[in-house]
Amino acid sequence: MNSNRKSKFAPLYVITAGILWGMMGLLVRRMNEEGYTSMEITAFRAVISAVVLSAISLIIKPQSFKIRVKDIWVFLGTGLLSVVFFNVCYFSCMTMTTLSVAAILLYTAPAFVLILSFFIFMEKLTGRKLICLVMTFIGCVLVSGGPGSIKLSIPGLLLGLGAGFGYALYSIFGKIAVKKGYSSLTITVYTFIFATAGTLILIKPVHFINCLTVSRNSIPLEVFLVLLNTVAAYILYTKGLEGTETGKASILATIEPVTACVVGMIFFGEFPGIVAYIGIVLVLAGCIIQNIKSEKTSNFGKRIDI
């Protein structure tokens, strides 16, 4: 009964997590206006997340802090090479383009996962996967330029693609960590612990403290936003994975860029042109098709691999 209930609500958990992630632009735009740099925003988010998630782990599952010294490199990968790099690129991209475009470029991550998995895990690269890559590429081109679409500079485009690549690295290092026997809670906690260490080293303390001082009245709201779009989102997504397939969860989580687009329209008056909307559809379609695992067979009687 508990299993059925968990499975019943799992999709809702994942969808809610995607919606919360899609609201990230509210935090980024607000902190940018207060003078925070992309790295400082990343540090702020990482510190709050690390503290809260560590507290939750200590209360719920203290043993989740146990890791092997020889495996530290994996968490350096999820925390530094993925979270820090991806957040800095993503937040910087948001300052150069709209929230919807930044979110869509972020969702080129599945394409990078596809390529990296082929070389690292020797996963099959099928025709359907290649079609998804082409769809994603064309979609990004339409989103970044063309009649009626939102104009995007080359630096903005590269930052968006960099965010997608960094986001993809989390899946790669995360998969390695899972294969080594670590729980999702352990992976998440150490990801933000190392992300915190990395960002605090890279930021300028004096400037960061000055921003905190100037914006001290806004800090409660910003902490609240971090709790929503980072801590709560990760907890809900992980909870959702307990009762649904990973592929299905990935599809449901594509509500994130849609949410980012809606947030951009409601709060910032950002309305993409028709060509950009076509690009958005292509990118999302590529991500969905790529994550759907079909059990059907083709006309030749062969199972379709995705």
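The structure holds zero disulfides, a disulfide being a pair of cysteine sulfur atoms within 2.5 Å. Cys 89 is in no disulfide, and the nearest cysteine sulfur, that of Cys 93, lies 8.8 Å away. This is a predicted model, in which local features need pLDDT of at least 70 and side-chain atom pairs count only at pLDDT 80 or more, while totals for chains, interfaces and linings use all residues. Residues are numbered from 1 along each chain as its sequence is written, and side-chain values use heavy atoms, with hydrogens and water left out.

| Residue | Relative accessible area |
|---|---|
| Cys 89 | 8% |
| Cys 211 | 7% |

The largest nonpolar core comprises 68 residues, and Tyr 90, Phe 91 and Met 94 have the most contacts inside it. Such a core is a set of buried Ala, Val, Leu, Ile, Met, Phe, Trp, Tyr and Cys residues joined through side-chain atoms within 4.5 Å. Helix H4 (residues 72-96) gives the most to this core, with 10 residues; helices are DSSP runs (H or I, at least four residues) numbered from the N terminus. Not counting residues up to four places away in sequence, Tyr 90 touches Ala 102, Ala 103, Leu 106, Ala 163 and Glu 256, where contact means heavy atoms within 4.5 Å.

Helix H2 (residues 24-33) is largely enclosed by the rest of the structure, because seven of its 10 residues are buried. These are Met 24, Gly 25, Leu 26, Leu 27, Val 28, Arg 29 and Met 31. Just after H2, Gly 35 adopts a positive phi of about 100 degrees.

Terms used. Buried < 20%, exposed > 50% of the residue type's maximum accessible area, 1.4 Å probe, protein only. Helix = DSSP H or I, 4+ residues; strand = E, 2+ residues; numbered from the N terminus.
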